[in-house]
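These are my notebook entries on one protein chain. I record what I looked up, entry by entry.

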Amino acid sequence: MVRLCDEGTLIVKVDAGFEQTAPWLIWWRGYARICNMCAFPRLTVIVLALLAGNNAWSDATRFESLERVASRYGFPVPIVDEDSIRFRSRYSSLMFKRDSRMLVYDGVLVWLNKGVHKRKNRWGLIGEDLRTVINPLLRRNEVLRKVGYLRVMLDPGHGGEDGGALSARGLQEKRVVLDIARRTRRKLEAAGVLVNLTRYTDGFLELHDRCREARRWRADLLISIHANASGNPAAAGVETYIMPAPGFRSTGSTRPDQRRYEGNRFDEANVILGYFVHKGLVANSGGADRGVKRARFLVLKDSPCPAALVECGFLSNAQDAESLASRRHRDVVARGLTQGILTYVSRVRTAHTAAR
Ligand SMILES: [Zn+2]
């Protein structure tokens with residue numbers, strides 16, 4: 001594996017992952033980290049490592065034990081207790097729930113594609129979860145240097161004849177989310193970010209037109225803004241959706257989908273964007289953290305850039321609906337989205353600078 005560490009130092013990590021791609025490199029094992037500060041000629045390191053394949057997590061279904069994953073990312077031996085497995089370092093913490101798709105990364109719930117399961121008495125993950133969730137979260141620069149950050153498209157859901165969800169007191173989702181989008185836009189523009197909205201007024205817009213608009217405007221990221229509804233009036237809180245990886249099911253579904261959509265081109269950046277936006281939303285709105293989930297919503301499937309869809313609360317829940325009816329709360333939600341987007345934008349900028 002070749003990567004730039006967070007300080008921008010070239011690191012070539014040689015381990016058992018290379019056994020599949022370059023058996024002739026096995027003699028290198030033991031030189032766990034070779035950086036450009038060492039005496040080994042840097043160019044030789046790059047050439048040899050590129051020849052070896054540069055992606056140890058490339059096998060989507062291959063099982064990797066959590067001990068090995070922890071060691072690869074420089075964590076101490078994982079702590080295993082009755083229902084969880086935890087990694088902790090000075091920089092980050094991960095808590096995997098056993099036999100579950102739930103991962104709590106630095107305090108935020110993120111849903112995996114397959115999740116943690118046991119094989120031959122060892123807990124582990126499949127390559128796809130490592131490639132599209134763990135590696136992007138722990139090695140952000142590798143992913144973010146390949147995406148843009150200058151143009152932010154906000155997509156207030158519904159509009160016109162499509163009112164979206166409705167609260168018991170008649171509050172319409174389309175109005176709530178347009179107001180949140182406008183407030184978010186103002187805050188982002190005040191921070192110097194270029195922002196566009198898929199709709200500025202209460203007009204109807206087809207779902208595919210939202211992605212078309214993002215493509216036409218050459219958006220670098222797309223945030224679709226919604227409010228939730230459920231048959232269960234107790235359901236409350238905020239959630240953020242990103243695309244599931246091809247072959248895996250949505251968080252609330254039992255059916256996997258094998259197809260690879262346009263939005264799957266950004267699986268790795270999607271999880272970073274979803275994580276930061278959701279973190280901002282949870283921290284500011286005070287809503288229950290329902291996690292970064294997965295669903296093949298059309299606006300995510302067809303997105304021409306990294307994308308996330310946020311659900312800012314449940315209009316079917318009396319408490320959430322009352323909050324969303326208040327201008328003050330909608331401003332707090334907009335502040336949370338702004339904070340998440342600005343964090344993502346600054347991390348992408350950092351990754352570009354480090355890659356120069
Ligand atoms: Zn909606």
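Does D302 count as buried, exposed or partly exposed, and with how many C-beta neighbours inside 10 Å? I found that D302 counts as partly exposed, because it has 19 C-beta neighbours inside 10 Å. The classes are as follows: a residue is buried if 20 or more other C-beta atoms lie within 10 Å of its own, exposed if 12 or fewer, and partly exposed in between, with C-beta atoms placed from the backbone.

I noted the basis of the work. The model is predicted, so local features need pLDDT of at least 70 and side-chain atom pairs count only at pLDDT 80 or more, while totals for chains, interfaces and linings use all residues. Residues are numbered from 1 along each chain as its sequence is written.

**Entry: surroundings of D302.** I located D302 in the loop between α9 (298-301) and β16 (307-314). Helices (H or I, at least four residues) and strands (E, at least two) are DSSP runs, numbered from the N terminus. Leaving out residues up to four places away in sequence, D302 touches H208, C211, Y261, E262 and G263; contact requires C-beta atoms, placed from the backbone, within 7 Å. H208 is 94 residues from D302 along the chain, yet their C-alpha atoms are separated by 7.5 Å.

**Entry: the whole chain.** I recorded eleven helices and 16 strands. Of the 356 residues, 45% count as buried.

**Entry: the core.** The largest nonpolar core has 82 residues, and V110, I223, I272 and V277 have the most contacts inside it. Such a core is a set of buried Ala, Val, Leu, Ile, Met, Phe, Trp, Tyr and Cys residues joined through C-beta atoms within 7 Å. Helix α8 gives the largest share of this core, nine residues. Domain 2 (63-138) and domain 3 (151-355) both contribute residues, so the core lies between them; the domain bounds come from an automatic or database assignment. Beyond its neighbours within four places in sequence, V277 contacts I223, T240, A308, V310, L337, G340, I341 and Y344.

Entry: Most residues other than glycine have a negative phi. I found that phi of D99 is near 50°, and that D106 has a positive phi of about 45°. D99 lies in the loop between β7 (93-97) and β8 (100-105), and D106 in the loop between β8 and β9 (108-119). D99 counts as exposed because it has 12 C-beta neighbours inside 10 Å, whereas D106, with 13, counts as partly exposed.

Note on methods: Two residues are in contact if their C-beta atoms, placed from the backbone, lie within 7 Å.
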